Amino acid sequence: MAKHTVVPGDCFCSLAKANNFFDYLTVYNHASNSALKAKRPNPNQLVEGDSVEIPDKKIKKVPGATNKEHKFVVVRTKTKLRLAIVDSQETAMKAKTCTLKVGGRSQKTPPAAKGLVEMEIDPVDTVGSLAITWPPPKPPAAPKPAKAAALPSPPPYPAPIVSGDFTDATEKFTAETSATWNLHVGSMEPKDTVRGALRRLINLGYGAPDANAEDARTAAVVKSYQRKNALTAKGSESGKVADVQANLETRHDNL
Amino acid sequence: MAITRDAFVARTAHDRTHINRLAIPEYGVIEIRVRKSDAKGSKSYLPAEAIPPRAASGKGADDFHFAPGPQLNSGTWVTDAAKNDDVEIWYDLYNPFLAIEKATLELFRRFEKTPFWTRELKDEELSDGDHILKFGAKTKWDGKIGVHADFPTQFVTVQHSPYKLKLTVKGKGVCNSHVAWTYFHVLAGKIKIEYGPKDVLPASVAGKADHRKAYDALIAQGASPPAAGAKVKVFLESNIFKKGHSMFDNSLFTEYETLWDKGPLIPLFATVWVKDSGDTDVLAPKALGRVKFLWDWESKLAAQGLTFVDQAQDYDKSTTKPKGQNCHKKRGGKRGTGSDPVFPKQAGYAPAAALTPAAFPFEVEEIGKTRKWASYSYAWDDGKLASKTGAIFQPSRMGGDACQVSVYLAYDITKKGDVVLDVADDAPLKVQPALKDTTGTFEVWRDIHFVRYFKKTAAVANLTIATVQGIYQPAFVRLDDKSGGATAMAAGTWNADFTAALGALGATDQDLVDPAVNQHSAGPHGCDFRNLANWISAIAARTGATVPAVTAALSGAGIATAADHAAHCNNIGSTILQGLFDKHLHANEGANIFHVDGLHNHTAAAASVLRGYALDLPSGTDRKCGYLQLGKTTDYSGPPNDIREMTGAHEFGHHFFLPHTPAAGEKKDYKAHDKSVDDCLMSYNYTKPRKLCGFCQLRLRGWSKDALKPDGAKNKK
């Protein structure tokens, strides 16, 4: 048995593949990992520093005559990357194009229902990208500008505002129509760690730090999350990670 | 630019279904307002293409206004810390994802691309939801923007109103509403013209026009300028008389010009109120800034109903700017291109707690562009005259000229920076009542003082001075009676002064007077002389010659008959009375009347009755004069044509530079009278009630004689 200390990007799937196990369950369900299994109910969410026991390989002997062909079926399990792309209101994005790349694999398939994009990946790949585009929003129908009525004499005071008199430049509005995520595959931690909560917040679009500990900045983000989702009465947001972990898991992990 | 983010994603094992939800953050501006309360504030705008993440309140109006800065107590004129009209800058951000990296507030005024004030929002100010911008510990804004060259009071002001407050956000994420803005105003509430204090005028200098005296005469008619529709008289003391000058040239014009030059100086101030957010007019001096106040005038002189005068007044009356009948520049007035300013330039000085004596406090500049007859002034933002502005109003010196003054708030500018009110339009300029104030009419009058009325005895019937005054009123001349009434001379004074004057004559002429006669009690006539026979006897007694010899000698000198004797008495009597009255010329500048009933006791024998003289008194000057009234009531045919007061007015007329009409005996036409009339006061036409002809009136008013012609039709243009 070998002991492996988890590093960023590790999960049971990647460790199994790296150690030539076709199915991660062989490692995950090994008795020597039972304590870790209890602590980490999701095999794809480990914490840097976790210790995983890598079991020794068992030799399987199967009789077979020589000079004959024998068919051996290997049950090779698939590991996927499953992403759900949503807008700020958590409504599925109607993407025009969608390109997912992980390692040497890529696909260009628009999101399915609920914004789901999934692809089989090599579990040892830790870097990827997701790029989507979407059509620009339809601006509201501009009201026909009313013809400026001729001013009476004497003109009123104050005179009606003439917007054209103000010559300040306003940056031309260009709607955002594309987004790209740099994917850190295998780096999601369990929901009950501070980092796990913050990374879920990052994924959900929040400007959270990728941190290990709570501070004023994390409190601000958590409060904003609590407010937006009406998790507490207005003004009573705690800002504590512990108070949002369960909700974050539901919002982030479940389709 | 594409949105780029990091995502930390878990793999999903073959027997699991968990996902990684990736959301695209959104941020934006919902709304920004300047407000007194939620119910009272400005209206927010978004670009037409904006799609805000949530709806704005839709509250507010484009005409929201407030009064920035400290306010004065109207009683003490000192800042009252309890008074203010502070407002909130309220804004609503959509930023639940903390995606906003930068949020900038900017203030703009019209026609300027760059903001004059900016502030970057920080920290908690960027959080999702609505905010009231803090200024230090306060959540209220008093309008202060800090140091800026165009905002010398450091507050937003009437000068640059209206304003645009813009909030622009930048961040990482989708933003369909990146900017919002709102408009607000700083408005004037009202303007009120008042007189400035006398102390801002130059100190009085002996021999020069006394502006402070003219001011006192103005204030005596009311502490405030005349209201619209009313009239006040501007009296210009001008005791200018012909001695040492000529009646026949333009000396009156030049002497009057030397004295009053470009006209009287009348300090006009205007208090300016600002409208607060509750539409109450308050005194907020910092809220005015360097806003311009346009001082304007209109000619209000009307036709006088005398053809010659009306023709002369009708000179380019519809083509000058301003229009009207005030005296044209070519005749010495201030109407017409190139005229001296009615609101002359003033340097002013910085606001202070006390005024500098004899200095005008407000800066005034003459408008050089279009409305050249008007001027701009600027207000004080502090000190004794905070919330006030003003100008020196200097109408022409021409009697009869009438001006109505208006002051306008000239805040509005065009894209090119031109002042909107700087136009050549006829007054009144078309603005709302809050932006202007207008006075009634200031009418210029010459003020000649009548300082002494001496008569020989109480038996001499007084002249009715009011009648004499009335004759000069059509010429806008006030003959101001300061005499205190007619005074009969004491017998002792009369007799002593008579004796002294007689003693200056030769012995033969002295013999005309019997030294035993009490001249004062002899009668109301000026001199009591011996008759011809007694005079001859007196000469004979003194010289030892015989009566026949004296008679022959006098006859040889042209004095043979009673009529000759009476004529000689006229000469001698005039000389004696001139010497007598010379001692009694009033010390003050002005006109004097000396009155006897008949020159002497033998006037009945004279070929003609002398009614009066414009005395050429030795101690008289071009500031002091006197006339001698000789005619008795019985010497006149009576009203309306022939009364003693017309003699008084006629003789004063000479002192006032008016010669006889050509028909009165002057051989030459001095081009000083209306040739179409024969009843000028300066004629001897006793068949009509004489009055000043139009030419005389205009000269008395100060118009240039050289610019007028006796043919009235030729004076019109």
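Q: In this predicted model, which strands of chain A and chain B are joined by bridges, and how do they run?
A: Strand β3 of chain A, residues 79-86, is joined to strand β2 of chain B, residues 20-23, by four bridges, and the two strands run parallel. One residue pair to look for is A:A84, whose bridge partner in β2(B) is B:R21.

Q: How many residues does each chain bring to the contact, and what area is buried between chain A and chain B?
A: Chain A brings 90 residues and chain B brings 67 residues, while the buried area comes to about 6800 Å², with carbon and sulfur atoms giving 57% of that value. Of the area that chain A buries against chain B, 12% is supplied by A:Y157, A:F166 and A:F173, which is more than any other three residues supply.

Q: How many salt bridges and polar contacts does the rule find across the interface of chain A and chain B?
A: A salt bridge is counted when a side-chain nitrogen of Lys or Arg lies within 4 Å of a carboxyl oxygen of Asp or Glu. Across the interface of chain A and chain B there are three salt bridges by this rule, and 51 residue pairs are in polar contact, both residues having pLDDT 80 or more. On the side of chain A that touches chain B, the residues divide into 46 nonpolar, 27 polar and 17 charged. B:K166 forms a salt bridge with A:D168, where the closest N and O atoms are 2.9 Å apart.

Q: What does a search of the whole structure find for salt bridges, and which parts of chain B does the pair of B:D216 and B:K198 link?
A: The search finds 58 salt bridges over all chains. In the one between B:D216 and B:K198, the closest N and O atoms are 2.9 Å apart; the pair links distant parts of the chain, since B:D216 sits in helix α1 (residues 211-219) of chain B and B:K198 in the loop between β11 (187-195) and α1, 18 residues apart.

Q: Why is the aromatic pair of A:F12 and A:Y28 edge-to-face?
A: Among the 40 aromatic pairs found over all chains, A:F12 and A:Y28 have ring centres 4.7 Å apart and planes at 70°, so the pair is edge-to-face. Because A:F12 lies in helix α1 (residues 12-18) of chain A and A:Y28 in helix α2 (residues 25-28) of chain A, the pair ties together parts that are 16 residues apart in sequence.

Q: Which peptide bond at B:P322 is cis, and what is the phi of B:D316?
A: Most residues other than glycine have a negative phi, and most peptide bonds are trans. The bond joining B:K321 and B:P322 is cis, with omega about -5°, and B:P322 lies in the loop between α3 (307-313) and β16 (364-366) of chain B. B:D316, although not a glycine, has a positive phi of about 50°, and its place is in the loop between α3 and β16 of chain B.

Terms used:
Residues numbered from 1 in each chain as written. Chains lettered and ligands numbered in written order. Heavy atoms only, no water. Contact = heavy atoms within 4.5 Å. Buried area = accessible area lost by both parts, 1.4 Å probe. Polar contact = N/O pair within 3.5 Å; in protein donor to acceptor, adjacent residues only side chain to side chain. Nonpolar A, V, L, I, M, F, W, Y, C, P; charged D, E, K, R; others polar. Pairing = 2+ DSSP bridges. Phe/Tyr/Trp six-rings, centres within 6.5 Å; stacked < 30°, edge-to-face > 60°.
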